Amino acid sequence: MSARLLRKVLKEKGEEKSLGPSGLNPELDAGGGGDEDSDSPVAGAPFKNPFDLLDDQEDEQEVAGGDQPEDASEQKYPVITNSSNVDPASNCKSKKKKKKNKEKSASRKPKAEKSLDLILEDLSICGKASHQIGPENIKAASDEAETNTKKHVASSVLLVDPRYLKAENELRKIFGSKVVNSFENHHSGGSSRQMRGGRRAAHNPRKTILISPSSYWPRWDGSMSMELLEMKDHQNYFRYVHSPSYGHAQEAFEAAKAANDLNAIASIIVHHPYHIESLLTFAEIFKYSGEHQSSADAIGKCLFALECAWHPLFNPLQGNCQLKYHHDTNKPLFSALFNHMKNMDRRGCHRSALEVCKLLLSLDSDDPMGALFCIDYFSLRAQEYQWLEQFAEEYRNDNSLWLFPNFSYSLSVARFYLEHDAACKEDTAQTEKATSSDLMKQALMLHPLVLQKLVAKAPLKESVWAQILKNSFFGSAKAGSPSLEHLINIYVERSYLIWRFPELQNLLKEAALLVVESLKQNSSEARDWSCVRKEAFSSDKNEYSHLMVSDFSDTIPSIPPEELRHFMVGPQMVHEMQDGDRGGPPERARAPRELAGRNAAIVFLESLLPWMDYGNDRNGQPDGQNENVED
């Protein structure tokens with residue numbers, strides 16, 4: 001019972017007490033009723049059921065649940081009384097009251113719906129207000145619905161499944177929960193010490209969908225946020241915004257980057273533990289130094305901080321949120337997601353890597369990180385063959401993805417495994433799609449240079465491959481375009497591992513032999529496919545030069561500490577620095593640094609720098625003198 005109804009009941013009881021115990025019914029007083037009449041419930045006033053005061057709550061339930069029979073509503077609050085003491089007039093009044101309340105609730109319902117529509121229209125959430133469409137507007141409405149359907153097709157195929165987004169869930173399916181939990185407990189126990197040297201009390205960090213934060217990570221400092229730029233074509237456009245404190249840290253990072261001072265970047269992380277650019281820098285250093293777990297932790301902190309700054313309307317799992325790469329504040333998210341995707345691939349979590357790749361592709365339709373050229377590999381490794389075919393058909397609504405070398409070969413592999421699964425299930429259902437052999441022949445005719453590079457990269461050492469490459473169509477194949485040759489190099493570097501499977505080698509070998517036989521009978525077919533290739537990749541410039549082949553490779557070269565300065569300018573300028581600065585970095589005045597009372601982790605990071613000096617070693621010689629003598 002609500003407070004209002006309770007006060008009403010108490011008020012009525014107070015009025016009855018103020019009238020006193022004398023007979024209030026004149027008929028009973030005239031009749032000289034005895035003590036029994038004065039003690040009866042109807043002696044003082046007509047009987048009122050206290051539960052009738054709950055009609056308001058009952059009416060709300062009736063509005064929510066629909067119209068119900070009147071008998072059922074009356075039996076909802078049964079009252080056991082003496083039938084001789086019940087006043088029939090009170091029952092009639094209660095029924096009339098219920099009917100009036102029902103009419104009032106029914107009248108309030110359309111008003112509430114109308115007001116809700118007006119509010120949504122004012123907020124521009126539902127767009128135009130709902131109205132009846134006349135005959136002249138039917139065609140316009142159908143065209144608008146068709147346009148909206150085409151726009152939502154690409155987003156529907158890129159919907160991210162949050163169940164497979166975290167690598168821990170996939171690892172539990174592969175190795176079991178006990179193994180994963182024991183590893184996590186051992187890792188968290190060994191990593192409880194923080195950068196500041198003391199012990200930080202463990203806390204329960206907020207739950208995120210991209211990463212599982214550790215309890216020893218620092219609390220989110222709120223140094224970033226996200227703003228909504230515009231809503232256009234069923235897409236919400238967002239941008240990250242930095243706080244003044246983060247802006248000061250960013251200025252310090254740019255100064256340290258210009259001076260190639262890794263120690264200054266470490267100091268930024270100490271004071272700003274969630275500075276994204278600094279964490280990404282150390283993630284690269286740890287990766288090239290062989291500390292892959294430390295690199296993954298740094299990437300995880302980046303994703304945790306970036307997700308904590310999300311806008312309330314930002315929901316990337318639905319595929320309708322755009323975070324354009326040309327905004328400088330949005331670029332760290334793409335770099336962190338791309339590195340996170342590669343880390344999960346190295347751990348064998350291909351399905352999780354596929355979900356992150358879908359997320360990357362949905363955030364910016366321009367695909368600045370080249371997710372389109374590795375999503376086929378992750379789908380094949382995750383055995384998502386049907387999804388790959390659906391993606392190739394629906395993504396751009398023009399069925400042009402098969403022109404890319406990675407999709408032309410991967411679609412054939414996907415069809416091969418689907419045919420194999422259908423044969424195992426004895427499924428005799430006929431399909432109108434091309435067979436895997438036909439798709440492989442088409443891929444070889446369109447991109448013959450791929451076969452030449454796969455034989456050398458995989459490698460394929462059977463003698464039959466040497467005979468196939470003796471054919472001029474494969475042996476002297478050329479891309480004909482810088483863009484196409486770059487994409488072929490990316491595909492071979494990314495997907496050469498799957499061509500080590502014997503069943504796929506047989507598929508490729510049989511299709512290549514069929515192509516050689518068909519070219520002997522009709523040589524004009526090669527010219528036709530060459531025209532298709534030139535029309536699809538007609539640019540004389542490399543349109544994908546921003547994508548580095550090494551970013552799609554599983555091989556991670558190790559770099560000695562004296563070459564760590566290349567990380568300050570990025571790997572793309574390594575060759576330029578080597579050509580322009582053959583003499584090495586300039587000599588700097590070395591000042592011995594004190595070690596007493598400092599954190600061991602920071603000292604270790606500083607020791608990787610070639611210009612750091614900690615005084616004399618145990619033999620009494622200056623630090624680094626032995627290295628100079630050896631040089």
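**Terms and criteria**

Among contacts in the protein between residues at least 6 apart in sequence, 70% join residues at least 24 apart, where contact means heavy atoms within 4.5 Å. This is a predicted model, in which local features need pLDDT of at least 70 and side-chain atom pairs count only at pLDDT 80 or more, while totals for chains, interfaces and linings use all residues. Residues are numbered from 1 along each chain as its sequence is written, and side-chain values use heavy atoms, with hydrogens and water left out.

Q: What makes a run of residues one of the helices or strands of the protein?
A: Helices are DSSP runs of H or I with at least four residues, strands are runs of E with at least two, and both are numbered from the N terminus. The protein has 28 helices and three strands.

Q: Why is H19 called roughly perpendicular to H25?
A: Helix H19 (residues 436-446) and helix H25 (residues 524-536) pack at about 75 degrees, their axes 9 Å apart. Axes are lines fitted to C-alpha atoms, for helices over the stretch in contact, and angles run from 0 to 180 degrees between N-to-C directions. Angles under 35 degrees count as roughly parallel, over 145 as roughly antiparallel, 65 to 115 as roughly perpendicular and the rest as oblique. H19 is therefore roughly perpendicular to H25.

Q: Which residues of H19 and H25 meet?
A: Gln-442, Met-445 and Leu-446 in H19 meet Glu-525, Ala-526, Trp-529, Val-532 and Arg-533 in H25. By class, this contact of H19 with H25 comprises five nonpolar, one polar and two charged residues; Ala, Val, Leu, Ile, Met, Phe, Trp, Tyr, Cys and Pro count as nonpolar, Asp, Glu, Lys and Arg as charged, and the others, Gly among them, as polar.

Q: Which residues of H19 are called buried?
A: Buried means under 20% relative accessible area, exposed over 50%, and partly exposed in between (1.4 Å probe, protein chains only). In H19, Ser-436, Met-440, Ala-443, Leu-444, Met-445 and Leu-446 are buried. These buried residues pack against several helices, including helix H18 (405-424), helix H20 (448-457) and H25. Of the 631 residues of the protein, 39% count as buried.

Q: Why is H10 called oblique to H12?
A: The angle between helix H10 (residues 244-258) and helix H12 (residues 276-288) is about 40 degrees, and their axes are 9 Å apart. That angle makes H10 oblique to H12. Tyr-246, Gln-250 and Phe-253 in H10 meet Ile-276, Glu-277, Ser-278 and Thr-281 in H12.

Q: What makes the pairing of the sheet mixed?
A: Two strands pair if DSSP finds at least two bridges between them. Eight bridges join S1 to S2, which run antiparallel, whereas strand S2 (residues 235-242) and S3 pair in the parallel sense over two bridges. The three strands form an open sheet in the order S1-S2-S3, with mixed pairing.

Q: What makes S1 and S3 edge strands?
A: Strand S1 (224-232) and strand S3 (321-322) each pair on one side only.
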